[in-house]
Amino acid sequence: MTEAYATIVFLFVLFTLLGSSIWIGLALMGVAWVGMELFTVRPAGDAMITTIWTSSSSWTLTALPLFIWMGEILYRTRLSQDMFRGLAPWMRWLPGGLLHTNIAGCTIFAAVSGSSAATLTTVGKMSIPELRKRGYPEYMIVGTLAGAATLGLMIPPSLTLIVYGVSINESIIKLFMAGIIPGLVLAALFMSYIVFWHFIKPDQRPAPEPPMSFGTMLAESRFLIPVLCLVFAVIGSMYFGWATATEAAAVGVIGALTLAAFQRSLTASAFFESLMGATRTSAMIALILMGAAFLSLSMGFTGLPRALAAWIDQMQLSPITLIAALTVFYIILGMFLDGISSVVLTMAIVEPMIRQAGIDVIWFGIFIVVVVEMAQVTPPIGFNLFVLQGMTKHEIGYISKVALPMVALMLLMVVILVIWPGLATWLPNNIQ
């Protein structure tokens, strides 16, 4: 009865605060405060101060603002134009043509930016005008871009994976390595959709691109060299054990500043804007993490997570059934909360459940990123939908409709992960 009463109180206070438009981080702190006052004898103020300091002074968490700043710097360089110029010669001969630049561009930029929104904005800025000019169908341009931009959450460095790793005290590097193969598989699924469209709708194909010699293709590819070097510097330094995730983030910032200086495309005002943009995003995520840490402590005192884990254990659910239920749960939750908020809000409850069911926490991190990716393109609070609306001037309903095939492919990716869990676990288990 105590656990049931605590659940009702927590949910009532949470939805009341969220419904009153209070910041998510403050809402989580408010719920935790009520829980501490009602269900424990420990002073709520002392507990909050200690928990917030402990959670925010993590060295691992330092990687978060650095990766965000790196993405902000690159967003303000000529990287997007150069990337399209280097990719286009190699995508033109594939079935579906230059639509593949949406997928390939998002995959490459995701490897130097952990943000889905930054990936979408940067790649969309380069691809939308070019693809429109060449006569590609609008629904394919917008739909493939909406889906492919979510790769920014999967392919390292991923802000969501950093937050997940900090929340459950797991290795960030292992999580990063776990995201590489599933991220590439998901990108391949998106490209397969474009190939499928190419053969099913031959009447909608634009005019073929003019022929280009192999030498010219190689010459144009030189524009990809800077970003590929930066990808190697960030991911390679972690893969080969030269740097921790935080050190790799610092390497990425230095590389991004060097690239911007080399291109002469980062002015003093743009540099200041990149710092302010990174500060605002980092502060928002840090506040959410602080609130989540305090809420986890409060729930721990009530015994709610342990009771729920025991209840799930008594139901004798198979791991696959539990994953199916959590997929539906996170899709519904993602309609109202952004990905990072969904992760930190639920980890105190979900982590004991998955450990009790014997589910690998590294694998689960990749699973949760895939279902959180769906939240980026599902209404009413799909963040990528709002970004695309600002870029294309289409209605949210139209963007949601054309992105539905990509959501279906993400669901297929969940099934693939369940059937072949080694896609997520093989690389981190063998990285040593």
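**Entry 1: ground rules**

I number residues from 1 along each chain as its sequence is written, and I use heavy atoms for side-chain values, with hydrogens and water left out. The model is predicted, so I ask for pLDDT of at least 70 for local features and 80 or more for side-chain atom pairs, while totals for chains, interfaces and linings use all residues.

I take helices from DSSP runs (H or I, at least four residues), numbered from the N terminus.

**Entry 2**

Two packed helices are described by the angle between their axes and the distance between the axes.

I looked up helix α6 (residues 100-110) and helix α8 (residues 138-148). Their angle is about 20 degrees, and their axes are 9 Å apart. The pair is therefore roughly parallel. My cut-offs: under 35 degrees is roughly parallel, over 145 roughly antiparallel, 65 to 115 roughly perpendicular, and the rest oblique.

The crossing of α6 and α8 is right-handed.

Which residues of α6 and α8 meet? On α6 I found N102, I103 and C106; on α8, I141, T144, L145 and A148. Contact here means heavy atoms within 4.5 Å. By class, the residues of this contact are five nonpolar, two polar and no charged. Ala, Val, Leu, Ile, Met, Phe, Trp, Tyr, Cys and Pro count as nonpolar, Asp, Glu, Lys and Arg as charged, and the others, Gly among them, as polar.

**Entry 3: α8 against α20**

α8 and α20 pack at about 50 degrees, with axes 8 Å apart. They are therefore oblique to each other. Their crossing is right-handed.

From α8, the residues in the contact are E138, Y139, V142, G143, T144, A146, G147 and A148. From α20, they are Y398, I399, V402, A403, M406 and M410. I noted 10 nonpolar, three polar and one charged residues in the contact of α8 with α20.

**Entry 4: α10 against α18**

Next came α10 and helix α18 (residues 361-375). I read an angle of about 50 degrees and an axis distance of 9 Å. α10 and α18 are therefore oblique. α10 crosses α18 in the right-handed sense.

K174, L175, A178, G179, P182 and L186 of α10 touch I362, G365, I366 and E373 of α18. This contact has six nonpolar, two polar and two charged residues.

**Entry 5: the core**

How many residues does the largest nonpolar core have? I found 147. A nonpolar core is a set of buried Ala, Val, Leu, Ile, Met, Phe, Trp, Tyr and Cys residues joined through side-chain atoms within 4.5 Å. Y164, F364 and I368 have the most contacts inside this core. Helix α10 (residues 172-200) gives the most to it, with 13 residues.

I checked I368. Not counting residues up to four places away in sequence, I368 touches Y164, Y330, V343 and M347.

Then I checked F367, in helix α18. Is F367 buried or exposed? F367 is buried, at 0% relative accessible area. Buried means under 20%, exposed over 50%, and partly exposed in between (1.4 Å probe, protein chains only). Leaving aside neighbours within four places in sequence, F367 is in contact with I323, L326, T327, V414 and L417. F367 and L326 are 41 residues apart along the chain, and their C-alpha atoms are separated by 9.9 Å.

**Entry 6: positive phi**

Most residues other than glycine have a negative phi. I noted two residues with a positive value.

N169 has a phi near 60 degrees. N169 lies in the loop between α9 (159-168) and α10. N169 is exposed, with 71% relative accessible area.

K393 has a phi of about 70 degrees. K393 is exposed at 67%.

**Entry 7: two distances**

T50 is in helix α3 (residues 44-56). T50 is partly exposed, at 43%. T50 and F294 are 244 residues apart in sequence and 9.1 Å apart, C-alpha to C-alpha.

M284 is in helix α14 (residues 268-302). M284 is partly exposed, at 47%. M284 and S221 are 63 residues apart along the chain, with 38 Å between their C-alpha atoms.

Conventions: Axes are lines fitted to C-alpha atoms, for helices over the stretch in contact, and angles run from 0 to 180 degrees between N-to-C directions. A crossing is left-handed if the near helix is turned anticlockwise from the far one by less than a right angle, and right-handed if clockwise.
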